[in-house]
Amino acid sequence: MTPASTANARYAARDLAHVWHPCTQMKDHEGQVPMIPIRSGQGVWLEDFDGRRYLDAVSSWWVNLFGHANPRINAAVRAQLERLEHVILAGFTHEAVIDLSEELVAVAPGGLTRCFYADNGSAAVEVAVKMSFHYWRNRGRTDKRRFVTLANSYHGETLGALAVGNVELYKSVYRPLLMDVITVPSPDCFLCEPGESWADHSRRLFASLEQALARHAREVAAVIVEPLVQCAGGMRMYDPVYLEMLRAACDRHEVHLIADEIAVGFGRTGTMFACEQAGIRPDMLCLSKGLTGGYLPLSVVMTTEPIYAAFYDEYTRLNAFLHSHSYTGNALACAAARATLGIFREDRVIERNRALAAHLAARVRELADHPHIADVRQCGMIAAVELARDKASRTPYPWQERRGLAVYRHGLERGALLRPIGDVIYFMPPYVITPGEIDFMVEVAREGIDRATSA
Ligand code: PMP
């Protein structure tokens with residue numbers, strides 16, 4: 001424990017008197033888990049008030065792409081601040097949101113030409129769900145009001161987003177408040193049969209989705225998926241062929257495809273958007289997190305002309321999409337997003353990340369021999385290992401033992417912010433990480449895993 005006299009301890013005590021933290025059992029902070037007050041950030045490093053540094057291996061919940069205090073994003077936000085911090089986006093507009101929308105349309109899969117903004121990922125999912133339902137209603141299909149989702153998917157924490165997600169830990173308590181959805185098995189390749197390729201597994205699992213659509217398409221508005229990686233579900237991955245088949249089935253059954261790329265968008269899977277790897281265009285693309293390089297809350301739902309057209313009408317027909325949030329299209333956030341897209345273009349980030357991702361993959365693969373690691377997987381700038389009590393049978397540790405938490409604590413002692421999801425230890429660093437820092441991050445994880453699994 002930190003001595004009570006240090007600056008860290010003083011900030012932690014003041015914090016714990018009033019701040020109720022997200023995704024946290026606050027009692028953990030009485031002893032098991034230290035509260036770390038951060039004074040500053042620079043690149044991949046965070047520094048606390050006692051001067052200790054932590055490598056941000058999780059990009060501060062997957063938002064940071066180009067490091068903390070990035071000079072180019074700082075300059076863009078500063079310049080915007082001098083002109084306009086925010087303006088209502090109904091009836092009014094501003095340069096940053098206009099520029100950003102043009103730039104997003106240019107980089108997104110072709111045909112996504114309309115940008116509807118909100119201010120966080122869950123809100124974007126709410127927008128997409130409402131927009132899909134409302135589209136069908138405006139087209140006279142009032143029976144289309146159900147959603148199809150994959151097992152182990154995650155789409156956010158607000159009630160609509162929670163309903164279309166499937167991580168029990170977050171969802172089960174609130175089930176009485178949630179709309180009913182159709183859940184089909186996930187193509188998750190952790191569950192491959194021995195000797196089965198990812199593509200074969202994903203293809204085989206698609207049969208359940210096809211069946212659900214064949215049976216329910218008349219009442220289904222949309223299928224929602226996290227393309228290629230179910231991040232909050234433990235970085236579980238699947239093959240692009242699943243998305244290809246899904247796109248074709250959605251067309252065949254007249255159902256929307258909502259791609260939630262809130263976590264996987266902006267280069268995380270090795271392409272700018274994960275959907276590109278399947279060569280598909282969703283009907284709605286949800287983006288947030290990396291959109292502003294990890295600076296400010298902003299999200300967008302990008303959609304097509306036909307969907308936009310279903311809402312475009314005489315006012316008195318009451319067909320407009322009236323959804324709104326006060327901070328929609330915030331000018332500072334849009335300026336940060338434009339600077340972020342500028343870095344992608346100017347630094348050829350997608351190309352440059354290939355070598356970095358290969359290095360990450362190679363280092364993480366070295367963990368495959370560990371007696372308590374059941375799986376090693378990687379997709380672009382995301383890599384994960386899954387702990388197990390018994391490697392051969394992949395029997396997990398009882399969750400109550402919180403082995404992953406021991407890895408987290410070890411990381412803090414050694415100077416790395418690793419934040420496992422249960423017993424899945426993953427790496428999702430900012431793209432400005434160096435090969436040497438990747439080595440350090442994986443080494444700290446290995447030590448932590450040794451420690452966590454030794455007893
Ligand atoms: N969808 C996905 C795929 C996510 O990973 C997240 C956040 N982890 C969300 C939606 C929700 O975003 P937010 O936390 O900004 O509400």
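**A walk through a predicted model**

E413 is exposed, with a relative accessible area of 55%; exposed means over 50%, buried under 20%, and partly exposed in between, using a 1.4 Å probe and protein chains only. This is a predicted model, in which local features need pLDDT of at least 70 and side-chain atom pairs count only at pLDDT 80 or more, while totals for chains, interfaces and linings use all residues. Residues are numbered from 1 along each chain as its sequence is written, and side-chain values use heavy atoms, with hydrogens and water left out.

E413 lies in helix α13, residues 403–414. Helices (H or I, at least four residues) and strands (E, at least two) are DSSP runs, numbered from the N terminus. The side chains of E413 and R451 are joined by a polar contact of 3.0 Å. A polar contact is a pair of N or O atoms within 3.5 Å; within protein, one must be able to donate a hydrogen and the other to accept it, and residues adjacent in sequence count only if both atoms are side-chain atoms. E413 and Y315 are 98 residues apart along the chain, and their C-alpha atoms are separated by 60 Å.

V424 is part of strand β16, residues 424–427. Leaving aside residues up to four places away in sequence, V424 touches G234, R377, A384, V385 and E386, where contact means heavy atoms within 4.5 Å. Between the C-alpha atoms of V424 and S5, which are 419 residues apart along the chain, the separation is 35 Å.

Two helices can be checked for length. The expected span of a helix is 1.5 Å times one less than its number of residues. For the 19 residues of helix α8 (residues 198–216) this gives 27 Å, and the end C-alpha atoms are 27 Å apart, so the two agree. Buried residues of α8 include L205, F206 and L209. Among the elements that cover the buried residues of α8 are β5 (146–150) and α9 (241–253).

Helix α11 (residues 331–346) has 16 residues and reaches 22 Å from its first C-alpha to its last, close to the 22 Å expected. Because 13 of its 16 residues are buried, α11 is largely enclosed by the rest of the structure. The N-terminal end of α11 is capped by N330, with a side-chain oxygen 3.1 Å from the backbone nitrogen of L332. Just after α11, R348 takes a positive phi of about 45°.

Most residues other than glycine have a negative phi. N152, in the loop between β5 and α6 (159–163), has a positive phi of about 70° although it is not a glycine. W62 also has a positive phi, near 75°. W62 lies in helix α2, residues 59–62, and is buried, with a relative accessible area of 9%.

W62 is also one of the residues that surround the ligand, as are G121, S122 and K289; a residue is near a molecule if one of its heavy atoms lies within 4 Å of it. A polar side-chain atom of S122 is 2.6 Å from an oxygen atom of the ligand, and a polar backbone atom of G121 is 2.8 Å from an oxygen atom of the ligand. A polar side-chain atom of K289 is 2.9 Å from a nitrogen atom of the ligand. On its own the ligand has 390 Å² of accessible area, of which the protein covers 82%; accessible areas come from the Shrake-Rupley method with a 1.4 Å probe, and for residues only the protein chains shown count as cover.
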